[in-house]
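Thanks for coming. I will go through the disulfides and then the ligand site. Here is the model.

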Amino acid sequence: MGVQAGVLLCWLHVLCAVVFGDVWKVEVESKMDALVSSCVVLPCTFKYPAQEQPSSRIRAMWHTNTKPEEFIYHNDPTRVKDSFKGRTKLIGSLGDLNCSLEIDGVRNHDNGPYCFRVELVTSIKDKYSFVNNCVTIKMIEKASKPELLAETSVAEGQPVIFKCSVRHTCPSHQPTLSWSHPGTTIMSYKDIGQGTWEAESLLTFTPTKEDDHSSVACTVKYHGSVEGEMQVTHQIFVKEQANLSHFIIPTISGLGAALLVGLLCLIIVIKYKKRIADLQSRNDNTESEAHRLHALLENRVGSSN
Ligand SMILES: *[C@@H]1O[C@H](CO)[C@@H](O)[C@H](O)[C@H]1NC(C)=O
């Protein structure tokens, strides 16, 4: 084939691919973290330029990018490299174009890069190794401690919520989180993208006086015998609640005092009113007496004239 014909064919191929959207395509995360001894799931989806096939008509492999014959996963388990035998599993459904791979018991030198390869059983020509989209794994030898979100100063009798979480890349065997303090716990897992997951536990409890100055611990348990810091602790200080006796006694005594003073005032006012009235009536009396005497005197003077 001449160079020009080759170029033309190539262009036709690209054109067809663009127009009909039928290309060999894979989507993976090019860089993944993995905790040594735990598992890692490499997310993977793919497309092929043929009619959709059932899982049974699709063969899938994962190989190292340096040696295409060095399989870390193969439909035929006997062809898997010894150091990976029994440790790799396709957890995606090939019929659904999902080629996600689980590597269990992650070892220090499982770095890759690893590439996906697909073969359609329908035609001998339909096979493809995605060597331009491989996955490199960064080994994490020691887990870092869980993250804890909690208040330090809590109020006695008021429910509080503490949150403990870890990020990981082993969604097929999720870690578990446990608490040193009794209470209600809710565990949840969410995909936060790029093959990373967050496992989270919420603890709800009502602090008592006994919790003052105590430590609440959250412990993570990973799949596998992972090393590292598994626990995070958090000291809490409990503020005493202004309880009933602290509130009612001052109120009652205050009210009582107010009532007493009020009563006293009332008595005094009544008393004084009476006294004033008395004085007034006496004043009236003395005045009228004076009038009477005066009149009497005038009469006498008048009659003697
Ligand atoms: C692929 O399969 C895995 C395992 O069942 C699943 O967790 C993931 O969500 C699937 N990916 C897509 C894109 O459907």
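The torsion about the S-S bond of Cys44 and Cys99 is about -75°, so this disulfide is left-handed. Its sulfur atoms are 1.8 Å apart, where a disulfide means a pair of cysteine sulfur atoms within 2.5 Å. Cys44 sits in strand 4 (residues 44–47), and Cys99, 55 residues away, in the loop between strand 7 (88–90) and strand 8 (101–103); strands here are DSSP runs of E, at least two residues, numbered from the N terminus. Both Cys44 and Cys99 are buried, that is, under 20% relative accessible area with a 1.4 Å probe, protein chains only.

On provenance: this is a predicted model, with local features needing pLDDT of at least 70 and side-chain atom pairs counted only at pLDDT 80 or more, while totals for chains, interfaces and linings use all residues. Residues are numbered from 1 along each chain as its sequence is written, and side-chain values use heavy atoms, with hydrogens and water left out.

The count is four disulfides. Another one joins Cys39 to Cys170, with a torsion of about 110°, so that disulfide is right-handed. Cys39 and Cys170 are 131 residues apart in sequence, and both are buried.

Now the ligand. Which residues are around it? They are Thr45, Ile91, Gly92, Asn98 and Ser100, each with a heavy atom within 4 Å of the ligand. A polar side-chain atom of Asn98 lies 2.3 Å from a ligand oxygen atom. For Ile91, a backbone N or O atom lies 3.4 Å from an oxygen atom of the ligand.

Technical notes. A polar contact is a pair of N or O atoms within 3.5 Å; within protein, one must be able to donate a hydrogen and the other to accept it, and residues adjacent in sequence count only if both atoms are side-chain atoms. Helices (H or I, at least four residues) and strands (E, at least two) are DSSP runs, numbered from the N terminus. Buried means under 20% relative accessible area, exposed over 50%, partly exposed in between (1.4 Å probe, protein chains only).
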